[in-house]
Structure formats: C-alpha cells, structure tokens
2 protein chains.
Amino acid sequence: MTDVLPTSADVSAAAARLRQWVVRTPVLESPLLNERLGTRVLLKAECLQYTGSFKIRGAMNRLLQLSADERAAGVVAFSSGNHAQGVAQAARWLGCQAVIVMPRDAPAVKLQGTRDLGAEVVLYDRYAEDREAIARQIAARRGAALVPAFDHADVIAGQGTVGLELVEWAREHDLSLGQVLVPCGGGGLCAGISLAVRSRFPDARILGVEPVGFDDTRQSLKAERRLSVRNGAGTLCDSLMTLMPGAITFAVNRRLMSQVLLVDDDQVARAMQFAFRHLQLVLEPGGAAALAALLAGKLEPLADCVAVVLSGGNVEPALFSRLIKGGLAAV
Amino acid sequence: MTDVLPTSADVSAAAARLRQWVVRTPVLESPLLNERLGTRVLLKAECLQYTGSFKIRGAMNRLLQLSADERAAGVVAFSSGNHAQGVAQAARWLGCQAVIVMPRDAPAVKLQGTRDLGAEVVLYDRYAEDREAIARQIAARRGAALVPAFDHADVIAGQGTVGLELVEWAREHDLSLGQVLVPCGGGGLCAGISLAVRSRFPDARILGVEPVGFDDTRQSLKAERRLSVRNGAGTLCDSLMTLMPGAITFAVNRRLMSQVLLVDDDQVARAMQFAFRHLQLVLEPGGAAALAALLAGKLEPLADCVAVVLSGGNVEPALFSRLIKGGLAAV
C-alpha cells in the first residue's frame, strides 16, 4: 500500500483512463423529490454502474496501472461484496486471475456475482478472522498484487471520477455544487469525490453519511485522529460496516470533508422504498444511505441544488422484499 | 379523436416540444447480458422517465398543443395506470385539472400515484363497464379535452421520441439499429418508435411484444384488419391488457412493424428478476415484456446490436417481492 496522497489531477487522469471502461452514470431527478425538498436534488445513479456499484472505477483504475508482469501474477482483494465484484470484473476484462477474500455472511448475490465473474472466492469469518492478513498471505504466496478496497491513491482517484462527472453535469446545467451527500464506509468514495468537487467548487460541502454504530469516520474527524469503533452493533448497510477509516482516505477526508451525518436502519429502509416506488431504482442499504439522510431531514438543503450519490444496488431479494413491503404510507 | 396519421416529422416536432419537460432516458448495457446474447443489447431505460413510464411523453405532447381555453377546461383520460400518471403530471405542470377514469383493480401504486399528482380519479369495473363511454361523458359534461392513451397522432408522436433518442444514441456510437423490441399494448409506443426508427434505418425490424392472451395486434397483423381478443385470460402485464389495436396505431404498425412476439408470465417474471439483480432497475411486468422476449430466446439477435425498450416500472411492492424471490438460480 502506498502512502502517496491522491490529488484532483489523479482523478482527472483516472477519468481519461476509465472512459472506455465504465458507465458515465446518469444524474436523475424526481419532480416529487424536488418539490418535497424545495430544491433540485441531483441523484447520481451509480447503482447503474457495471457490477451495480461505483467500486469498478477504483478497481479498474488500479488494475490498468499494473504492469503486464504484475497482471500475469493475478490480483487479490478483500471485500464484503461490491469491491469484490469490481475487482472480479476488472480482472476479467484484463484477462488476469482474481482471488477475493469475502466474509462468509456476505449477501449471497454478492458472493454469487463475484464467482459468476470468474473470480476465486476465499471465505472467512467476519467476527473471528483477519481478512487483511488472509489476503496478504495469499498475495505473498502467489506474488499477486493486492487491490485495496479504499486505502490506495489509485483506488481513491478512480472513485473520484463519480465526483468529476457530477461537476461536469453541474457545469453543463449552469449549476454550482454546494452540498454533496456521499455514503461513507472506508472513505474512499468520499475522498475521491471531495478531491474532484472541491478543486472546482472550493466552497462545496462534502457530507459523508455513515450508519449508526459504524461512525468511525465521524468519530475520527472529531478526535482529529483515526479511531476504531467496536464491531458490536448491527446495520442493514453491509457495504458500510468499516471499523476504522483508512490512513490515506482519512488524510484526505480530514482536510476536505465537512461533516458526517448518521442514519439508522429505518431511515435507510424508507430511502430504499422511496427509490423503489418513485425512482424505479434498486438500491442496497449502504447505497441508499445518502438519500436516507436527505429524506430524514438530516440537513438543510441549499436553495440551488443538492447532490446525492446512490452508490450501489446489490441486495438480496429477500431483504429487499421485506423492506419495500414496509407499506406505501411510509414513503 | 383525429384520424390523421402521424409522421416521422411529427415525432421530431414532439422531441423539440418535449425537450425541456421529459428525461432523455439513458441507454444502459450489461456486460453479462451482452456476453450471454453474443451482441450488444441496448437497454432504453424508459422506466427512469418521470412518472416511471414513457406515457408522460405522449400526454405532454398532446397537452402542449391544446389552446389556453382548452387547457382551462381541463382534460380527461382513461387508463390502467401509466397513462393516468402521465396525464396527471402533464396537467399539473401546465396548471390544468385532470380527471382520470381508472379500473378499480388497477395497481394501488398507480392509483395512489395518480391521486398524488393532483388528479381526480373516477373508478370503473374493468369487466362490466365501458371506460371510454364514462370518459366521454365526463369530457362532454365539462367541455374538457380527452387525452387518448394511444390512438391519437399527438400521443403516438410523443411516444416516438423514445425511438428518436435511440436513433441519436446509436448514431453517436456508430451503430445502426437493426432490431428494436418494444412492449405492445394499444400500439402507441410501437407506432411512434417505428416512425422514428424506420425513417432513419429503413431496414430496421420493429418487434412488438405482447403477453399471451392479449395478442390483439399479432392477430390483427395476421388478418390484415383490426381484431379484438376476448378478455378472458389473465396476465401479469396490467399495462398491456388491450383488447384491440387502435385505428391509428394499427394503420401505422401494419405498415412499419415487422412481427409480434409473445411472452408468458413466467418469462416476464424472469426478466424482472434479471433487471432487479443485474441492472438495478425496477420493471413492472408490462415494462419487462421486451426484455423477457429477448431472454427467452424469442428472436435471433443480430451480431451488431439489438435495442430493447424497458417501458415502465410502476409495480406493487407485494407483486414485485413475490416475483424477485423466484430464486437466484432462475436468472
């Protein structure tokens, strides 16, 4: 892992590199949502990205920068699911082998999706084993490159292309970005988007959104140093269950992120219901976190517009069914 | 109702009229789907349109051409749900009153969605009453304009803008459209898309897709005259339960549509599962019909590309839940 901090120039370079590979995801609006919030809500539908989440961007940006020899030796990653699928797809495109270390209790759609993409999946126990150690061991044994889920300059720069696309969209529509809500796990998406957005709109507020119980970034920002939360609480947001921010992501977010908002499971479920009914989008709990914060009134939106990143949509049919049947009255 | 046949020039005029009102919906691709079909599958995600279906296009194109006096008298429509919401939204934007005649057994999300948009909903019995007569009576009493769900040149031209956007997308990507699969109810979307596509790609095959039991267009094309099917069979596709093609839509489709494919409920459910899991899109049964035909192997796709219209995504949570839980193995 490198300690080099990524820059907004790295995000631009990543965008050029990724152009032919990833989807320039649409920015959607809902007349109902705009009316309800009294502003334009720009929904960056990254759930429509290949593999169903933004993770393919960072993974592909890293893999494209490996040498031919490195690619030939394969890649290793650990992930609860979205990064797993991102790395698996990137490896498939580039014709290299991928081994992914995944928790035994990861959503079945994510496990299956990763295997379907041709990756070898190694399972571990989320509560007893150290996935990083397992991944490092495999990488060392095979001479394979490790592709971190968030704490790497190339990965952060790749995720930042989501922010760059938002900036470009805003400019095309004569809007300036004042508030950007972003789901926050390890902080890679937040860091990348912060770099891209604040270099163009210096006054923009980047608001990370964490699930209650996994507010490691919030606590770390408050303490001004990286803190770890205990893995005790549960959350619907399997993709945001990080216990400690990354060294690199935190160094960036500390400088550029304005604030962290918290959402609980009920708020997340309501956002998923809203997306199902009014946006015709399938969001996974973690992918709906930023929308949840907005719908729950966690911030006073600016009059001009507020941007919300819908970061992923890989969710078990059984869980999704349970949540959307919460009733129409709720949304 | 007018008997004037719409032209491709009418579609272009509609596009200019609608530009500031409707979403230019994205064309999505899935690496998995492309690999499986051995061609590029261009998914026109019209479920991401305002009100969750393409119907807003035709409704708005009609309403924008009413005089100020006509608008002041309000509008009347009959619809099982998507056209209802399209007319309600269009009327809301233009500040005119809308009365919508809807079947008592329409999906609750569609009834509620129509009411939420400020329209007055009049219920009727799908199996015993004549909705057209009820609507005409209300229109006559109020001096209000009737907005047909499909059989009107302005409505067809509006729906055709979906096809025009597909043409423009294909040209931007150096592709020519050879096959376009379109869900077929009354035939308005098929007719509009046919006009837009075949004026630019004369050899393109427009393939309508009807649910088993509601193949009125297929039978009519075969007989070379409009035939009615009996309202006996059931189908999941509430938005495609038309018993007879329109006079205008049939006149266009007879000339420009190549063929009609049929899909059953099981095939439709599988397409909805596929969209849920791999596209992160919520499709309603009727909106998934064209994708269902492709996935079920109802046509030999061309090597270059095949375009599929995903026409809507307004579906009951309970039904959606039941269908997506059909199991992962199935998709």
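**Helix α7 of chain B and the cysteines**

1. D130(B) caps the N-terminal end of α7(B), with a side-chain oxygen 3.0 Å from the backbone nitrogen of E132(B). Just after the helix, G143(B) takes a positive phi of about 70°. This is a predicted model, where local features need pLDDT of at least 70 and side-chain atom pairs count only at pLDDT 80 or more, while totals for chains, interfaces and linings use all residues. Residues are numbered from 1 along each chain as its sequence is written, chains are lettered from A, and side-chain values use heavy atoms, without hydrogens and water.

2. The length of α7(B) (residues 131-142) checks out: at 1.5 Å a residue, its twelve residues should span 16 Å, and the end C-alpha atoms are 17 Å apart, which agrees. The expected span is 1.5 Å times one less than the number of residues.

3. Which residues of α7(B) are buried? They are I134(B), A135(B), I138(B) and A139(B), buried meaning under 20% relative accessible area and exposed over 50% (1.4 Å probe, protein chains only).

4. The buried residues of α7(B) pack against β3, β4, β5 and β6 of chain B (contact: heavy atoms within 4.5 Å).

5. Over all chains there are zero disulfides (cysteine sulfur atoms within 2.5 Å). The sulfur of C237(A) is 12 Å from the closest cysteine sulfur, in C184(A), so it is too far for a bond.

How values were computed:
Helix = DSSP H or I, 4+ residues; strand = E, 2+ residues; numbered from the N terminus. Polar contact = N/O pair within 3.5 Å; in protein donor to acceptor, adjacent residues only side chain to side chain.
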